[in-house]
Amino acid sequence: MSILAPFLVLIAVAGFAAYHRWRLAVWAALTATALVACWLLGASPAATLVAAFLAALVAVPLLIPQIRLPLITAPLLKFYTRILPPLSETERVALEAGTVGFEGELFSGRPDWNVLLDQPMPVLSADEQAFLDGPVEELCRMTHDWDITHVRADLPPDMWEFIKKNKFFGMIVPKEYGGLGFSALGNHKVIEKLSSISSVVSSTVGVPNSLGPAELLMHYGTQEQKDHYLPRLADGREVPCFALTGPWAGSDATSIPDFGIVCKGEWNGANVLGVKLTFDKRYITLAPVATLIGMAFRMYDPDGLIGDTRDIGISLALLPRDTPGIEIGRRHFPLNSPFQNGPLNGREVFIPLSQLIGGEAYAGKGWQMLVECLSIGRSITLPSTASGGARMGALVTGAYARIRKQFGLSIGRFEGVEEALARIGGKAYTITALAEASAAAVARGELPAVPSTISKYHCTEMGRELIQDAMDIHGGKGIILGPKNYLGRSWQASPISITVEGANIMTRSLMIFGQGAILCHPWVLKEMKATALPDPDERLREFDRNLFGHIGFAISNAVRSLWFGLTAARVGSAPGDAYTRRYYRKLNRYSAVLALCADTSMLLLGGKLKFKESLSGRLGDVLSQLYITSAMLKRYEDQGRPAADQPLLAWAFHDAVHKIEVALSGALRNFPVRPVGWMLWALVFPLGRRAQPPSDRLGHKVASLLMSPNEARDRLGVGAFLTPAANNPAGRINSYLQKVILAEPVERKFLKALKTRDIESLAFPAQLDEGVREGWITAAERAQLEELREMTVDAISVDDFESEELRSAGYRPQREQDRAAA
């Protein structure tokens, strides 16, 4: 037997044990057994002895605690404590506020897919479904987006009244307080449907059911506050807003300069202990019409009236609109999307301590309260808005591309348009799966800190990309505003969602991986907590346990990354059916790669990693796409693995894994420590990058799905307002698709016959009359072509206006102003 055999056996056993994550003792026993067998089979005794010595050199000191703890663990603990980045109080709170769901499995390098697949299928309650079919449908029928966005720059009074009367502002308020008591999933479905007809209506309804007074009161309010305010918020007597952002603190909410000084003052005729507030807020949705203002500020107690702490910290309070000193500013005008939004100002506004949310006991705990609730709101409102727009955008653009003809052919048949349609279909499938997954996580009782940032960032980014493609396909139909336009306002408003609840650039580069790398990692947070234990012996033992668990974890991921790279992830156990099993295997590979790259980055860069935003952003992209593909596969399983949806799933999946490899390539090519980047490349891409974007053939299948009636298309549209009402031109165009397709053979027959006769100069009705007389078409087919012409005209028509109609109501030409001045 070759002299190399013992060493090959040593490597093979180590790799096999690392791949399966067996304990060190198991590896040592297997290695010893394998080397003895190797020697008995004729291997060189000297080589076998050297291999055994190398194995013992690793195993003996690590398996004997009396050697490992003082000689290995203790020095490493000192080194780790020295390089450990200091956590600010705000970072500590953010890490401790969220819970970890399936995203933790994605960071493990070996996801347990049963954790995902065993989650209950999201299902609406009977009350939630009835609300969608009743009041939500009726509110959509009342919505005239042109009237809201151009004529009034506001909802009409009857819509405001309807929203309040039917408790749209109280969807999340429990029934015992007069609310609807809906789950996060029910909230998501309502916002999704409303956004498919008007983002102004959806944001108006969404904000009171997101981060705001109701959510905060439900979690932290005193019983007296709950009893007083929640019923009033539920039935619309109170319209809430929440004032967080200001000119000097946008995405960095912890640096808000707004402050409150503890003092005594007058409140309802009595002299009480309270807080005197000075604040300057802007971009506050519903502020112009709000009657109850949630306020975030930094609280100080310079005179020690409530304790020994001078800087109490960020606190939250409720301010009635009529509180003396509050100034409600004029309205902001965000990109022709006139949802109520504006500034708030106040100087020395006094409120009693009883107006602090949660009372005096929660003074200074505002940041923790915000972080815990923000993950809930971020999981629902903006992702749901993107989801509703994506559903409607995909269906109406597919229908329009089939109806609209150029050069005698539906424009959707041109390959350039097909490419855009494929992107629309694939991204709509992705957005809707991701938005539902994040809402379902909240409905299960999770506080999904990392998934909420993933969902908010990627749903809004893909929503912006989707509406861009839809605008390109619609051309002139999309750019001419008016009652017949159903895309223009969405196009204009798409950057709004990119900027709110944390600007997307910062969300990607700082939050997704920055929070996920610690919160979701199976060992890092445990190691950090171990270093903070007060008892030295306990600290050493706990750090030892977690450290060597982490080391084994890292070695396993290196082995798994290399193995999956060499085999193209074609080998290994995985769930799913014959169609999706390959997808799960690919995700197993990228999970191991993410864990490997994350560990290496944190080890080498330590606290400097938070400043390497390009690297953090790219690794965040990998985590995001893993979570997104998991959401798509979960929905595919929940819906019974429909074969008709496979082109949509395949396009979205291949797009996601291509993005994963692009992100990994960028991270490794630009890794700050170049030799380590080369080593990681060899482990991650031993055969080079292999993932490709979706093929043209697959894109053709997706485009065809959008342009013809089928069950996959119907599923994609579930949840959008598709009723073909007078106020819903998109719904009308979508409703035409079936009739248009049935009329196409008749149209082709008629046009072919028309070319043989010189009657093209006649008006269309005269041409039809001639066709009936000549027997080209029957009378029934004539009626069918007339209906087709009417539907096509409705689909392609745009609006026009008198100049006076487009002028602002407050506009007066200069000559009129001069005449009035004279």
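Mentor: On a 1 Å grid over the protein atoms alone, a cavity is a set of points where a 1.4 Å probe fits but cannot get out, and lining residues have an atom within 4 Å of a point. This is a predicted model, where local features need pLDDT of at least 70, side-chain atom pairs count only at pLDDT 80 or more, and totals for chains, interfaces and linings use all residues. Residues are numbered from 1 along each chain as its sequence is written, and side-chain values use heavy atoms, leaving out hydrogens and water.

Trainee: Okay, how many cavities of 30 Å³ or more does the structure hold?

Mentor: Start with the largest cavity, at about 220 Å³ (a volume is the space filled by probe spheres set on the points, which are joined across faces, edges and corners). Then there's the second largest cavity, with about 40 Å³ of space. With the cut-off at 30 Å³, the number of cavities is two.

Trainee: Which helix gives the largest share of the lining of the largest cavity?

Mentor: This cavity has 21 lining residues, with Leu116, Gln119, Ala437, Arg444 and Lys634 nearest its centre. Two helices, α16 (415-443) and α24 (613-638), each supply at least two residues (helices are DSSP runs of H or I, at least four residues, and strands are runs of E, at least two, numbered from the N terminus). The largest share is six residues, and they come from α24.

Trainee: And by class, how many residues of that lining are charged?

Mentor: Sort them like this: Ala, Val, Leu, Ile, Met, Phe, Trp, Tyr, Cys and Pro are nonpolar, Asp, Glu, Lys and Arg are charged, and the others, Gly among them, are polar. The lining of the largest cavity then has eleven nonpolar and three polar residues. The charged ones number seven.

Trainee: Which helix gives the largest share of the lining of the second largest cavity?

Mentor: Look for Thr430, Met462, Gln625, Ile628, Ala652, Asp655, Ala656 and Lys659, which line it. Two elements give two or more of these residues, α24 and α25 (646-669). The largest share is four residues, from α25.

Trainee: Now for the pockets. Which helix gives the most to the lining of the second largest pocket?

Mentor: A pocket is an open set of points with protein on both sides within 12 Å along at least five of seven lines. This one has a volume of about 1100 Å³, and of its 29 lining residues, Trp22, Arg23, Leu24, Phe548 and Gly552 are the closest to its centre. Helices α1 (5-20), α2 (24-40), α3 (45-63) and α22 (536-567) each bring at least two residues. The top contributor, with ten residues, is α22.

Trainee: Back to α16: is it largely enclosed or open, and how many of its residues are buried?

Mentor: First, its length works out: the expected span is 1.5 Å times one less than the number of residues, and the 29 residues should span 42 Å, which agrees with end C-alpha atoms 42 Å apart. Buried means under 20% relative accessible area with a 1.4 Å probe and protein chains only (exposed is over 50%, partly exposed in between). The helix is largely enclosed by the rest of the structure because its buried residues number 23 of 29.

Trainee: Why is β4 called largely enclosed?

Mentor: You count its buried residues. The strand has nine residues, and it is largely enclosed by the rest of the structure because the buried ones number seven.

Trainee: Last one: what relative accessible area does Val684 have?

Mentor: Val684 lies in helix α26 (674-684). Leaving out residues up to four places away in sequence, Val684 touches Arg589, Val593, Leu596, Cys597, Leu664 and Leu668 (contact means heavy atoms within 4.5 Å). Val684 is buried, and its relative accessible area is 0%.
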